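Please open the structure in your viewer and keep the selection panel at hand.

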Amino acid sequence: SSSQAFLPDTLGPQWATVAFCDHLSRRGRSTSYMSLSRAGSAVALLLSLLATTDLAAAKSDLDLNCGVTGACDEFEVELAEEELAAEMQVELLQRMPVDLRLAASGVVAKVATELKHAQQKDLASLDSCAVDHLVGSWKVENALGIDGVVVTLQVSPRQTSDCSSVKGKINYLGKTTDYVISATDKSEGKLHVKYLNEQAQPNYFHEGEFDVEKELLSEDLGAVNGVKQNENMLLQFLKSP
């Protein structure tokens, strides 16, 4: 009978194993290179395969092309065994259950990474606001043309990512006033600056500007709430070392 018909579809796995061994015994002298232990290994591989796959798939897993005579040499048998073992290994890996602990640790790691990136982004935003240019110590000597009059302004850095304002304290003639200072882009390398006094009743604000390139900060004391009231009341601050 033909060697291609030795494994009927109607038989069970045990008959497939017997038929496979019988098939090996009929291949003639060219199979004498295959030791008994190798034959046992091949049978073991087939048994493992039959335990995890259906019978129809098992018929074609050892795909031996042995020419017209149907006799395979040792190299062809070894190659077929290696291919079968590789396929079985892949299938076993695919059937392995998911390790929930490893999956959970992956989720935690992802969340931690995203949180770290968010924190870094928030910290980076602290250096990207217009009001940050105003942070530091500022001084005007001989203020308003009066010899010996010194006006100082201390602007504190932001404590959050809010870019709307910073806190400042202006000191002149022994008096200290708290400001809420905001800044907006005025184009051409300049910022429009607003000095709001929330402690006064009613509240009021002065305006000025900051030259980014020259690092020159000004405050016009002669303009209150956007209305010009007095001339020659401009303070021009230079940054203190």
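**A tour of the predicted model**

Colour the whole protein by confidence to begin: this is a predicted model, its mean pLDDT is 74, and 56% of its residues reach 70 or more. Next select residues 1–25, where pLDDT stays under 50 and for which the model has 28 contacts beyond four places in sequence. Then move to residues 122–126, another stretch with pLDDT below 50, which has seven contacts in the model beyond near neighbours in sequence. Where pLDDT is low, the predicted coordinates should not be read in detail.

Switch to a cartoon view of the protein, whose secondary structure comes to five helices and 10 strands. With a surface drawn instead, the protein exposes about 15,900 Å², of which carbon and sulfur atoms supply 56%, while buried residues make up 29% of its 241 residues. Among the contacts in the protein with a separation of 6 or more, 37% are between residues 24 or more positions apart.

Now select C129 and C163 and show their side chains: these two form a disulfide, with their sulfur atoms 1.5 Å apart. C129 sits in the loop between α5 (100–125) and β1 (136–141), and C163 in the loop between β2 (150–155) and β3 (166–172), so the pair ties together parts that are 34 residues apart in sequence. A search of the whole structure finds one disulfide.

With both cysteines still selected, which of them is buried, and which is partly exposed? C129 counts as buried at 5% relative accessibility, whereas C163, with a relative accessible area of 35%, is partly exposed.

Conventions. Residues are numbered from 1 along each chain as its sequence is written. This is a predicted model: local features need pLDDT of at least 70, side-chain atom pairs count only at pLDDT 80 or more; totals for chains, interfaces and linings use all residues. Side-chain values use heavy atoms; hydrogens and water are left out. A disulfide is a pair of cysteine sulfur atoms within 2.5 Å. Helices (H or I, at least four residues) and strands (E, at least two) are DSSP runs, numbered from the N terminus. Buried means under 20% relative accessible area, exposed over 50%, partly exposed in between (1.4 Å probe, protein chains only). Contact means heavy atoms within 4.5 Å. Accessible areas come from the Shrake-Rupley method with a 1.4 Å probe; for residues, only the protein chains shown count as cover. pLDDT is the predictor's confidence in each residue, from 0 to 100.
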